[in-house]
Amino acid sequence: MTTLTHNPAASGPAASRPVPQPKKSLITRLHMGTGMVVGIIFCWGTYFVLRHHFSSPYRINHDEGLTDSHNVNITLLASMFMWCLGFLIGIGALIGPFRWLIGKDLTAEEQLYLAGDGQDWKRYFRYCTDHKVVGIQYLVGVMTLLGAGGTMAMMIRTNLVTPGSHFVAPHVYNSLVGLHGITMIIALIIVSTGPFGNFIMPIMIGAADMAFPRLNALSWWVLFTAIPVLCSAWFLGGIPTGWTAYAPLSTQAGPGMNAFLATIIIFAFSTAVAGANITTTVIAMRAKGMTWNRVPIFVVGATISVALAVPAFPTFMAAMIQTGLDRTFATGFYDANIGGSGWLYANLFWIMGHPEVYVILIPGVAALMEIAPVFVRKPLFSYGAAIAGFAGIAGLSILVWAHHMYMSGWMPSLNGPFMVTTEFISIPTGLLFLVLIGTMWRGRPWMKLPMLSVYAFIWDFLIGGITGIYLSDVPADNYLHGSMYVTAHFHYTLMGAALTGAIGGLAFWFPKMTGRMLNERGGYISFWLVQIGFNVLFLGMFLSGAEGQPRRVADYGQVFAHANLISTVGAYSVGVGALILLWAVIHSARSGKIAPMNPWGSKTLEWTVPYPVPLVNFDEPPIVTSDPYGYGRSVK
Amino acid sequence: MEHQDDEDLKPTPGERVKQVLKEKDVRQVLFFFVLFTALFSILGLWAYPRWMPNIMSKEMRGDESIMIWFTVISAPIAGIVLAFAMRSFIDIQRGDTPPEDGPAISGHTPTVVIWTAVSFLFCTVAIVWGMTEMNTWSQDAIAKESNAMVVNVTGAQWSWSFNYPAQGITTHELNLPVKQPITFNVISDDVNHSFWPVELGVKVDANRLATTVVHVTPDKIGAFEVKCAELCGIYHAYMETNGQVESRADFDNWVSTVKAQGGAQ
């Protein structure tokens with residue numbers, strides 16, 4: 001636990017005490033800029049040393065089995081990881097560990113400085129341990145990733161507007177598909193737990209900060225270092241594999257693939273750190289009186305989500321390390337020619353891949369469950385069913401991965417068992433619907449943006465969920481597997497459900513995060529453009545999938561022309577809506593209406609603190625005496 | 001539906017149901033329930049037969065009927081969820097202050113139990129249906145294995161080739177005799193592909209150095225398409241070819257034509 005809570009100087013408004021300036025400390029001079037400088041020096045230094053080494057006739061370790069492409073992969077991967085390490089050193093992330101090596105630790109002033117105490121906007125560009133700063137950093141990061149992924153989506157749909165449009169070349173198209181996929185997956189994994197899990201959740205449970213503030217900053221800045229690495233894929237020839245990166249296509253792919261590998265490994269590290277931190281915070285740092293049955297449902301959902309991510313992502317990391325070894329040292333984990341198997345990759349990938357979609361989904365749903373009671377002025381319907389739903393989904397989700405491999409030929413005899421586990425997930429999922437419609441029942445809903453997201457979620461996730469039942473059915477999957485139908489299905493769940501939930505959460509918590517109200521008119525226009533466009537887009541894609549169009553194709557036959565045109569029109573509407581939301585967020589954060597402390601009349605703890613939220617959140621540690629859903633007039 | 005605001009009168013169950021049915025929001029829910037259930041059922045029954053391509057095998061017929069009937073079966077589930085959501089949505093209140101509080105219902109165990117039981121039931125129906133279908137397919141395949149015609153399918157970046165060992169020919173187009181059980185042995189020369197003869201309703205991945213098997217009996221004469229359903233590199237979209245299900249005589253003619261050209265097309 002941070003020492004901040006025990007420091008008497010730390011309580012009270014930030015402005016009322018002198019800004020601590022640790023003397024002679026390196027910490028005060030480090031920021032994002034120094035991180036980038038050191039990172040770039042490390043990156044290019046490694047690159048030139050290895051380039052020189054591999055081109056030298058006197059090089060050691062001259063192995064006949066390794067070709068030039070292996071050497072290029074070694075050079076690039078090493079440079080990427082050194083960029084990451086250099087950035088972290090340059091921004092001061094490792095000062096604490098360095099001090100430990102010499103038997104010391106940061107002083108109290110240095111810790112307060114790291115927490116950004118009394119600093120201006122510059123703390124957002126430093127290694128700042130304040131969870132509210134990290135939350136905003138995540139929010140900006142997520143919006144950037146969504147913007148990049150969305151732009152790629154628009155290019156994909158533009159390429160598919162008519163058969164044979166050739167808006168982009170086929171290899172560029174494949175890269176677009178893969179990088180759109182991984183960018184959006186990364187964005188959606190952190191879209192709720194990043195901004196709200198960091199900014200709001202500690203306040204929601206009455207904590208002064210996260211359990212491990214320095215790890216919190218680390219998780220964000222590690223993730224940050226992955227972004228330039230991912231972007232570098234474009235300059236290294238792109239990735240030909242889609243985000244699933246199936247071997248052996250990935251092991252044979254060009255240098256751009258290294259950027260993908262490095263991104264996943266760095267991202268998995270960031271997620272593990274963030275997941276351990278959030279889980280510990282919720283277990284150990286809840287306010288007095290916040291027993292497990294009084295924990296707000298968003299906190300429960302976020303915790304289950306990150307706890308599920310903790311075992312899931314290392315599998316992806318391991319899969320990628322093996323891909324990396326195949327590409328650098330010709331190990332052949334996935335090379336059938338020397339005894340490996342592509343099925344090994346597919347298994348490792350989907351052991352991460354299926355829990356991962358629930359890692360994305362659960363916090364979004366949980367945010368909407370937090371929202372619904374506030375706006376219908378009723379208690380959450382069956383808190384127990386909500387938790388059973390989340391826990392059931394999380395538990396089953398680790399047993400369903402091979403439903404992505406029904407048609408792979410890996411083990412057809414397991415198709416039956418995996419069909420059973422997959423279809424059983426619809427039971428806990430059904431409970432989530434019950435909780436939401438039960439909460440709405442006989443309430444008078446308040447027309448506000450967050451509430452609209454609840455309705456949109458119900459429609460979108462219902463379609464996403466039901467189409468999932470067809471796909472989990474082995475015979476139907478014979479037809480549907482690898483078709484546009486799958487693409488439409490998972491966009492309904494990931495975008496229609498999880499992203500809609502996160503946008504609802506943004507509209508809901510925006511006043512607490514920025515001190516201003518989100519522009520309502522902009523929000524409504526964006527909401528309808530996005531939701532209508534989204535449904536046109538993906539209903540069109542269900543159509544092209546049912547007609548038999550494979551997914552990830554740069555071109556298609558005349559028979560799919562109508563369906564694809566419909567999808568592209570819908571996509572543009574989503575694009576325009578998203579831009580309007582972006583405008584609304586930026587405009588409102590700068591000059592929106594000043595928000596009152598509790599604009600929605602909510603009963604959770606985060607609405608009891610003023611804006612700007614004090615450094616340790618609460619002047620007095622709160623004591624919780626009831627669950628946060630005490631709305632409604634009593635009934636017999 | 002199950003929630004009762006006023007239980008003072010202790011009515012009989014029959015009266016209670018009648019009383020509940022008179023309430024405005026219960027009626028609205030029922031209305032939307034019927035509306036959405038009908039809408040989704042019609043969508044399933046109407047859309048899939050039109051959207052999905054020609055049915056040229058029993059397997060494809062099975063795929064399509066699952067799509068249709070699962071839609072119809074799940075229509076009431078969608079109906080009930082959307083009915084409650086819709087009823088709530090039409091009552092939405094504008095304004096700058098929260099509307100008055102609703103009843104403090106924080107749970108209702110019978111509802112949760114019934115809901116779980118019903119979804120368990122629907123889930124079981126889906127599983128049993130799928131299992132039965134799978135079982136029929138594999139039984140079928142075993143029964144027909146002895147007189148099945150073998151076609152060795154090879155995927156390579158970016159084309160399909162078909163080797164007919166009994167006929168001694170290798171082609172890039174897939175011609176099949178009607179009502180003849182076929183066994184496809186599928187393999188890849190390079191990366192993963194997925195062999196998808198669309199109208200035949202089956203699919204299996206082509207893996208490097210590992211043969212996968214899929215059985216089908218085409219039962220209708222006509223053209224079909226063969227596509228690749230697994231991203232396999234730059235020209236994945238163009239990795240497709242034509243297929244033809246034809247009468248035994250036409251098939252034999254085609255084989256002899258190919259043979260006359262040297263046994264390879």
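**Notes on chain A and its helix packing**

1. Let's start with a crossing: H5(A) and H21(A) cross in a left-handed way. Keep in mind as you look that this is a predicted model. H5 covers residues 131-159 of chain A and H21 covers residues 561-591, and their axes come within 10 Å, crossing at roughly 155°. That angle is over 145°, so H5(A) counts as roughly antiparallel to H21(A).

2. Who meets whom here? On the H5(A) side you'll find Met143(A), Gly150(A), Ala153(A), Met154(A), Arg157(A) and Thr158(A), and they meet Ser567(A), Thr568(A), Ala571(A), Gly575(A), Ala578(A) and Leu582(A) of H21(A). Sorted by class, the residues of this contact are six nonpolar, five polar and one charged.

3. H5(A) has another partner to look at, helix H9 (residues 213-235) of chain A: the two pack at an angle of about 15°, with their axes 10 Å apart. H5(A) and H9(A) are therefore roughly parallel to each other, and their crossing is left-handed. From H5(A) the contact uses His131(A), Val134(A), Gln137(A), Tyr138(A) and Gly141(A), while H9(A) brings Pro213(A), Asn216(A), Ala217(A), Trp220(A), Leu223(A) and Phe224(A). The tally for H5(A) with H9(A) is seven nonpolar, four polar and no charged residues.

4. Now try H14 (residues 383-397) and H16 (residues 426-440), also in chain A. Their axes come within 8 Å and cross at roughly 155°, which makes H14(A) roughly antiparallel to H16(A). This crossing is left-handed. H14(A) puts in Ala385(A), Ala386(A), Ala388(A), Gly389(A), Gly392(A), Ile393(A) and Leu396(A), and across from them H16(A) has Ile427(A), Pro428(A), Thr429(A), Leu431(A), Leu432(A), Leu434(A) and Val435(A). Eleven of the residues in the contact of H14(A) with H16(A) are nonpolar, three are polar and none is charged.

5. Time to zoom out. How many helices and strands does chain A have? There are 21 helices and zero strands. The C-alpha trace of chain A spans about 65 × 65 × 45 Å along its principal axes. For 636 residues, a compact globule would have a radius of gyration near 26 Å, and the 25 Å of chain A agrees with that.

6. Buried residues make up 62% of its 636 residues. Of the contacts in chain A with a separation of 6 or more, 84% are between residues 24 or more positions apart.

7. Is Leu518(A) buried or exposed? Leu518(A) counts as buried because it has 25 C-beta neighbours inside 10 Å, and the cut-off for buried is 20 or more. You'll find Leu518(A) in the loop between helix H19 (484-514) and helix H20 (520-547) of chain A. Leaving out residues up to four places away in sequence, Leu518(A) touches Leu449(A), Ala507(A), Phe510(A), Gly523(A), Ala584(A), Val585(A), Ser588(A) and Gly592(A). Its C-alpha is also 9.2 Å from that of Ile586(A), a residue 68 positions apart from Leu518(A) in sequence.

8. Finally, look at where the two chains meet. Chain B gives 76 residues to the contact and chain A gives 79. On the side of chain B that touches chain A, the elements giving two or more residues are helices H2 (24-51), H3 (58-90) and H4 (109-144), plus strands E7 (204-206) and E9 (222-228). That side of chain B divides into 42 nonpolar, 19 polar and 15 charged residues.

How values were computed. Residues are numbered from 1 along each chain as its sequence is written. Chains are lettered from A and ligands numbered from 1 in the order in which they are written. This is a predicted model: local features need pLDDT of at least 70, side-chain atom pairs count only at pLDDT 80 or more; totals for chains, interfaces and linings use all residues. Helices (H or I, at least four residues) and strands (E, at least two) are DSSP runs, numbered from the N terminus. The radius of gyration is taken over C-alpha atoms; the globule rule is 2.2 Å times the number of residues to the power 0.38. A residue is buried if 20 or more other C-beta atoms lie within 10 Å of its own, exposed if 12 or fewer, and partly exposed in between; C-beta atoms are placed from the backbone. Two residues are in contact if their C-beta atoms, placed from the backbone, lie within 7 Å. Axes are lines fitted to C-alpha atoms, for helices over the stretch in contact, and angles run from 0 to 180 degrees between N-to-C directions. Angles under 35 degrees count as roughly parallel, over 145 as roughly antiparallel, 65 to 115 as roughly perpendicular and the rest as oblique. A crossing is left-handed if the near helix is turned anticlockwise from the far one by less than a right angle, and right-handed if clockwise. Ala, Val, Leu, Ile, Met, Phe, Trp, Tyr, Cys and Pro count as nonpolar, Asp, Glu, Lys and Arg as charged, and the others, Gly among them, as polar.
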